[in-house]
Amino acid sequence: MNPELAARLGVLRPAALAEPLGLYLHIPFCLDRCTYCSFTTTRDRSLQPATIRRLLEEVHRWGAALGRPAVDTLYLGGGTPSLLSPEELADLTGAVHAAFDLAPLAEATLEANPGTVDLGWLSQARDLGWDRISLGVQALDDALLARLGRIHGAEQALESLALAEQAGFRRRSADLMVGIPGQALSKVLEDARTLAATGLEHLSIYLLDLDKACPLRAEIDAGRLALPTEDEVADVFEALQAELPRLGLAPYEISNHARPGAESIHNSRYWERRPYLGLGPGAASQLGPFRWTESANIAAWTRDGGVVELQELDAAEALAEIPLLGLRQHAGVDWPRLRSLATHQNLLPLVDAWEQALRQHLERGLLERDGPILRLTDRGRLLSNQVFELFV
Ligand code: SF4
């Protein structure tokens with residue numbers, strides 16, 4: 001364990017025991033690198049055995065250091081967790097059960113790449129207790145998938161959803177990407193309809209994010225490909241917001257739609273500011289007033305844990321996160337409750353200042369009041385950054 005974190009165990013331990021945690025494990029390996037990817041991952045699979053060994057040690061170390069806290073959501077993300085061998089997956093699952101109290105477990109999600117799954121692997125994951133799967137479909141168009149550097153085609157993506165169902169996953173989610181060069185609005189809608197017709201219960205819509213350097217960014221900068229305009233992307237989001245509820249997938253967060261009762265419990269904890277522990281290269285944690293990110297250098301993390309970026313949030317920063325994250329959710333923010341919390345913390349002037357500034361967003365139709373609840377409107381979800389900048 002990183003010495004900076006070890007020195008704060010006196011605060012971290014009671015925070016971890018106060019309520020059930022979310023536990024995230026990061027598997028930083030992929031068969032190939034997608035052209036838009038900025039996640040902590042590598043194609044160098046030679047590191048995989050040592051990284052998984054280290055991850056097993058960290059699971060045991062953290063479970064013991066925090067007093068075997070209760071965990072109610074598990075998430076195996078990456079990278080490509082479906083690249084784990086059956087033995088590695090069994091070992092990791094066993095380690096989590098040994099080191100943490102999983103009695104309140106309500107959801108265990110694993111991410112998978114449609115290009116790497118077969119029925120045997122999926123069935124074993126299901127037998128080990130993983131009950132929700134999130135598949136990185138991105139698009140159902142082979143040309144666009146090739147442009148993104150995905151290792152699978154459209155047919156394979158649909159096949160993997162069917163295989164997951166066959167293996168016993170009743171809870172299936174897919175990612176769909178918006179803003180890919182050459183992607184037509186009509187095709188995005190067609191893809192959403194095709195995915196909904198598979199009976200999946202959850203759909204995440206992501207905007208292609210090319211902020212960091214990557215091969216696709218270089219193609220665009222060189223003028224060989226063009227991104228859609230902001231207006232075109234806004235049209236796609238608006239059309240999806242109208243179409244997805246008709247398909248039974250209601251919005252519950254800016255990027256996420258689900259059938260009733262099928263919202264991701266693990267992801268919701270991030271927006272509700274409930275505690276989580278992330279283990280693995282680049283994984284993030286939040287416990288008590290502390291938030292940290294582990295080293296994204298996979299070799300350094302595997303060797304000695306690398307450098308941890310640690311941040312202690314003061315009361316004003318923590319309060320600002322309630323609207324910043326809460327407004328992402330369709331349920332919105334209980335404003336009188338926020339005021340009362342601020343009163344107890346002598347931070348009411350801060351909330352008064354927000355209210356003053358939020359007035360213009362209410363007048364412009366980006367926000368709406370519904371009794372005590374303040375939430376983004378459909379238009380506000382498209383322009384959410386204009387609202388969020390107030391709380392940053
Ligand atoms: S599968 Fe995901 S993590 Fe791996 S390279 Fe592609 S986008 Fe990145």
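Around the ligand you will find Cys-30, Arg-33, Cys-34, Cys-37, Phe-39, Thr-41, Gly-78, Gly-79, Thr-80, Asn-113 and Gly-136, where a residue is near a molecule if its C-beta atom, placed from the backbone, lies within 6 Å of it. This shell splits into 4 nonpolar, 6 polar and 1 charged residues; here Ala, Val, Leu, Ile, Met, Phe, Trp, Tyr, Cys and Pro count as nonpolar, Asp, Glu, Lys and Arg as charged, and the others, Gly among them, as polar.

Two notes before going on. The model is predicted, so local features need pLDDT of at least 70 and side-chain atom pairs count only at pLDDT 80 or more, while totals for chains, interfaces and linings use all residues. Residues are numbered from 1 along each chain as its sequence is written.

Two of the shell residues, Gly-78 and Gly-79, are joined by a cis peptide bond with omega near 20 degrees. Gly-79 sits in the loop between β2 (71–78) and α4; helices (H or I, at least four residues) and strands (E, at least two) are DSSP runs, numbered from the N terminus. On the loop between α3 and β2 lies Arg-68, which has a positive phi of about 50 degrees although it is not a glycine.

Now to the two helices. The axes of α3 (residues 48–65) and α4 (residues 86–99) come within 8 Å and cross at roughly 10 degrees; axes are lines fitted to C-alpha atoms, for helices over the stretch in contact, and angles run from 0 to 180 degrees between N-to-C directions. That makes α3 roughly parallel to α4, a term for angles under 35 degrees. From α3, Ile-52, Leu-55, Leu-56, Val-59, His-60, Gly-63 and Ala-64 make the contact, and from α4, Glu-88, Asp-91, Leu-92, Ala-95, Val-96 and Ala-99 (C-beta atoms, placed from the backbone, within 7 Å). These residues divide into 9 nonpolar, 2 polar and 2 charged.

Over residues 15–247 the chain is 43% helix and 18% strand, with the end C-alpha atoms 41 Å apart.

Further along is an open sheet of 3 strands, ordered β13-β15-β14 with antiparallel pairing; two strands pair if DSSP finds at least two bridges between them. Its edge strands, each pairing on one side only, are β13 (333–334) and β14 (367–370). β13 pairs with β15 (residues 373–376) over 2 bridges, and Asp-334 stands opposite Ile-373 in β15.

Definitions and conventions
Angles under 35 degrees count as roughly parallel, over 145 as roughly antiparallel, 65 to 115 as roughly perpendicular and the rest as oblique. Two residues are in contact if their C-beta atoms, placed from the backbone, lie within 7 Å.
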